[in-house]
Amino acid sequence: MLSGVSACPGLFYTTPAQDGILSRIRIPGGILHSKQLCAIADIADQYGGGYTDVTNRANLQVREIRQDINAEVLQRLQDLGLGARNPAVDNIRNIMASPTAGIDLLELIDTRPFVQGWENYITANARWSGLSAKFSVCFDGGGTVSVCDRLNDITLAAVLVDDQVYFRLCLSIGEKGEPPTDTGILLATDQYLSVLAALADVYLKHTDINSRRKLRFRELLNNLGLDHYLQEVQQCLPFSLCDSRQHKDVIHNISTRNYQHIGIHPQRQPGLFYIGVVLPLGRLETQKMRGLADLAAKYGSGTLRLTPWQNLLLTDIPQGCVTDVADEIVVLGLDCSLSNLNNALVACSGKRGCAASITDTKAHALTLAEYFKTYPVLDRPVNIHFSGCAKSCAQQSKSDIALLGVNLEENNSSGEGYHIYVGDGDNNQKFGRELYRFVTLAELPTSIEQMLQVYRTKRLHPDESFGEFANRYAIADLKHLFASSQNVEANNK
Ligand code: SF4
């Protein structure tokens, strides 16, 4: 195992963290087999902390590793199809795709072969090890579970034009934290590999591959300008990039509602269903990993899918077995309910995993989730994001409610607390608009509870998200609404 050679961990490239060594296992498209999940559980038990974390790129992290994983074990994992066949590229970001690829009722195209094609291509040539470890590619099949808003350098998003499926080329340009921008270019689906290779080639041409801090794709695109970059890409290609700006009105056939994959859903294959399972903050203890692997093998096709929302799908469950599987998920101590606060709860590593963190984000997030088990107020997912510092590693995209860790000593008090932000920010403030400052841990659950209660009574329709609701009000008005709800509650007691 090569330790500490990359800022981004992989199976062969591990990084030190506050709580030990961190190993991240690339799982292209987030799809893995029950045998693979059991093998990773064995590693987590033998070398790590007895659990894994599903990341927001739908791969798995083993944490708290205290000793080197020996070469035979790594070889066994590779034999099971885990980790890149070529260790030199194992640290490059996991390829993202919709977790419902191939089973989504509404998708335009099954993206699994494209994920595998790009994976095979980059692992076949050590030259690609020169790419930034953060070089990220995503495929969206145009179905109900969209990954178009996930942060990736390159997203190929399926669209339908004149009854023909194309990929729309979207690139990361502009401010950090912005979803990929539609370039207006349509690609025939069989052109995807040449175009991705050309985009990567131009990146390598302008990058010092020996630098410890390689340019991010977005930075290079900003430096060169989109038109210049695309001209260089065009020079690498034997065909003309089809500029389809006249097709700007082509809309993806997608739902933008995240977390709707939780619960029981029919697949495009008649008689089969998938079940979206909530994993609190993406954490899976090894006993649960083995339990889920057993369920997948016993009732389904043995396939499990990790999601970029740090949850998991069991797929290919026959209709007659769905209730049994849902019951067994509960026996494992897990849940598949849309109203579970955990299903859209996000937290960065926090104090236990990151020296930069001001607060113990994960513990505070789980305490909040426990509180809402007793006082349930949700009937749809609300995305609450805990961040230990302004870097916002766990979620670059906007959330409904963001909590930024602060030291209360700055407010002449003591201990840890949070600033609370809601909805969209002004001027690209990634945490949204500031609502409250220096909220103590004791105040946090009731503050959030009031906010959620007001949201439920004031939203325009059941599908309006908390963020959309908050965006309709000035901050002063929101404060007034939340304070009034507090007074009504106090008077009713
Ligand atoms: S957001 Fe800050 S505290 Fe959290 S993991 Fe990233 S750097 Fe560490």
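This is a predicted model: local features need pLDDT of at least 70, side-chain atom pairs count only at pLDDT 80 or more; totals for chains, interfaces and linings use all residues.
In which handedness of crossing does helix 4 pass helix 6? The crossing is right-handed.

**Where helix 4 meets helix 6**

Helix 4 covers residues 192-205 and helix 6 covers residues 226-235. Their axes come within 9 Å and cross at roughly 115 degrees. Because of that angle, helix 4 counts as roughly perpendicular to helix 6. On the helix 4 side, the residues that take part are Ala 198, Leu 199, Val 202, Tyr 203 and Lys 205. Facing them in helix 6 are Tyr 229, Glu 232 and Val 233. Sorted by class, this contact has six nonpolar residues, two charged ones and no polar ones.

| Helix | Residues | Number of residues | Expected span | End-to-end C-alpha distance |
|---|---|---|---|---|
| Helix 1 | 34-46 | 13 residues | 18 Å | 18 Å |

**What they bury**

The buried residues of helix 1 are Ser 34, Gln 36, Leu 37, Ala 39, Ile 40, Ala 41, Ile 43 and Ala 44. In helix 9, Thr 361, Lys 362, His 364, Ala 365, Leu 368, Ala 369, Tyr 371 and Phe 372 are buried. These buried residues of helix 9 pack against helix 10 (444-458) and several strands: strand 15 (283-285), strand 18 (345-347), strand 19 (384-387) and strand 21 (416-422).

Key: Residues are numbered from 1 along each chain as its sequence is written. Side-chain values use heavy atoms; hydrogens and water are left out. Buried means under 20% relative accessible area, exposed over 50%, partly exposed in between (1.4 Å probe, protein chains only). Helices (H or I, at least four residues) and strands (E, at least two) are DSSP runs, numbered from the N terminus. Contact means heavy atoms within 4.5 Å. Axes are lines fitted to C-alpha atoms, for helices over the stretch in contact, and angles run from 0 to 180 degrees between N-to-C directions. Angles under 35 degrees count as roughly parallel, over 145 as roughly antiparallel, 65 to 115 as roughly perpendicular and the rest as oblique. A crossing is left-handed if the near helix is turned anticlockwise from the far one by less than a right angle, and right-handed if clockwise. Ala, Val, Leu, Ile, Met, Phe, Trp, Tyr, Cys and Pro count as nonpolar, Asp, Glu, Lys and Arg as charged, and the others, Gly among them, as polar. The expected span of a helix is 1.5 Å times one less than its number of residues.
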